[in-house]
Amino acid sequence: MARVLLGRRYRFSAAHRLHTPLLSDEENRAIYGKCNYPYGHGHNFVLEIVISGELPPVTGRLLPLAALDGFVREVILSRFDHVNLNTQVGEFSALSPTTENLSRVVLRRLESAWPHWFGGRGVKLEKVRIWETGRNIFEESAGWDSKKEELPLDMVTTKS
Amino acid sequence: MLLTRRIEFSASHRCVSGELSEAANHALYGAESNESGHGHNYALEVTLEGEPDPVTGMVVDLKEVKSVLERAVVAPMDHRHLNHEVEPFDRVVPTAENLAVEIYRRLAPEFAAGPARLRSVRLYETEDLWVEYEGR
């Protein structure tokens with residue numbers, strides 16, 4: 001048996017505007033600069049999912065890639081591709097859609113849906129990594145949010 | 001500290017398990033199971049661990065690392081059909097997972113005597129799929 005990590009990359013394009021209601025308009029402009037321009041802007045995001053597990057000896061395949069791709073497509077890409085993150089993704093109604101927060105929202109949704117899709121197979125969701133551009137890259141590991149009350153859980157499964 | 005050397009090689013393969021039916025193979029491996037095979041430009045990142053020599057400031061001579069990787073990985077695998085020409089893939093499915101494990105097993109003894117030990121290998125089958133193995 002061998003324990004391997006497997007990384008798989010996906011792409012989605014979305015609009016966002018960095019703005020938090022916790023600060024004044026002037027403070028938002030000062031902190032976020034051009035990311036706070038009133039009509040928003042967009043990125044071609046690259047999403048990397050990392051999973052781990054013991055390699056099944058017969059198949060040599062951690063999970064069928066078609067199943068993993070279908071999972072990410074349904075849980076993330078169908079909700080995040082070609083949308084406006086601020087207005088069409090529930091978590092961002094009161095949360096600034098920085099790519100830091102986006103990474104955690106994406107990870108939270110993946111973690112919530114994981115047991116239903118792949119529970120009992122001995123494969124673990126390890127982390128997500130998001131390239132906002134080729135130069136800005138953010139990473140969060142599963143289980144970062146032992147304090148789950150920080151983001152409202154009911155938003156996680158809300159279809160946008 | 002860690003250092004990583006990257007190399008590329010190109011090879012063909014076909015993913016089918018002799019223990020599964022044709023339908024089960026196709027369901028599991030998709031296009032990777034197509035009968036006539038196909039190929040990839042693989043990229044391999046080999047990460048070594050060691051302490052910099054106090055005089056040279058180097059963990060290991062990268063020229064030597066390069067020649068080990070060329071001898072142990074590129075020479076036997078580049079422009080080969082993995083299933084037909086590279087052990088043990090006549091009987092082990094040459095998935096990216098198994099190929100990463102096999103490459104690790106070939107490289108670990110090469111670095112066992114130091115000065116840098118093999119920490120992990122990360123094999124990119126495409127830029128959107130990689131597998132990493134740390135020998136455990």
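**Notebook: strands, a kinked helix and some rings**

I started in chain B, where S2(B) and strand S4 (residues 117–126) run antiparallel and are joined by seven bridges. A note to myself before going on: this is a predicted model.

I looked up one partner across that pairing. B:Glu49 has B:Arg117 in S4(B) as its bridge partner.

Next I checked the other neighbour of S2(B). Strand S1 (residues 2–13) of chain B is antiparallel to strand S2 (residues 38–49), and I found twelve bridges between the two.

B:Arg122 lies over the face of B:Trp130, 3.6 Å from the ring centre. B:Arg6 has its charged end over the ring of B:Tyr124, and there the distance to the centre is 5.6 Å.

Then I moved to chain A and its helix H2 (residues 65–80). Where is the kink in this helix centred? I found it at A:Arg73, with a bend of about 45 degrees. I also jotted down buried residues of H2(A), among them A:Leu68, A:Phe71, A:Val72 and A:Ile76. After H2(A) comes A:His82, and its phi is positive, near 55 degrees.

Rings were next on my list. I searched the whole structure and got nine aromatic pairs over all chains. One of them is A:Phe12 with A:Phe45, a stacked pair with 5.1 Å from centre to centre and 20 degrees between the planes. This pair links distant parts of the chain, since A:Phe12 is in strand S1 (residues 3–16) of chain A and A:Phe45 is in strand S2 (residues 41–54), 33 residues apart.

A:Trp114 counts as buried at 8% relative accessibility, and A:Phe118 counts as buried at 2%.

Last entry: ring pairs link A:Trp114 and A:Phe118 with A:Phe71 and A:Trp117 into a cluster. A:Phe71 takes me back to H2(A), where I had it listed as buried.

Note on methods
Residues numbered from 1 in each chain as written. Chains lettered and ligands numbered in written order. Predicted model: local features only at pLDDT ≥ 70, side-chain atom pairs only at ≥ 80, totals over all residues. Heavy atoms only, no water. Bend = angle between axes of the 7 residues up to and from the residue. Helix = DSSP H or I, 4+ residues; strand = E, 2+ residues; numbered from the N terminus. Buried < 20%, exposed > 50% of the residue type's maximum accessible area, 1.4 Å probe, protein only. Phe/Tyr/Trp six-rings, centres within 6.5 Å; stacked < 30°, edge-to-face > 60°. Lys NZ or Arg CZ within 6 Å of the ring centre and 35° of its normal. Pairing = 2+ DSSP bridges.
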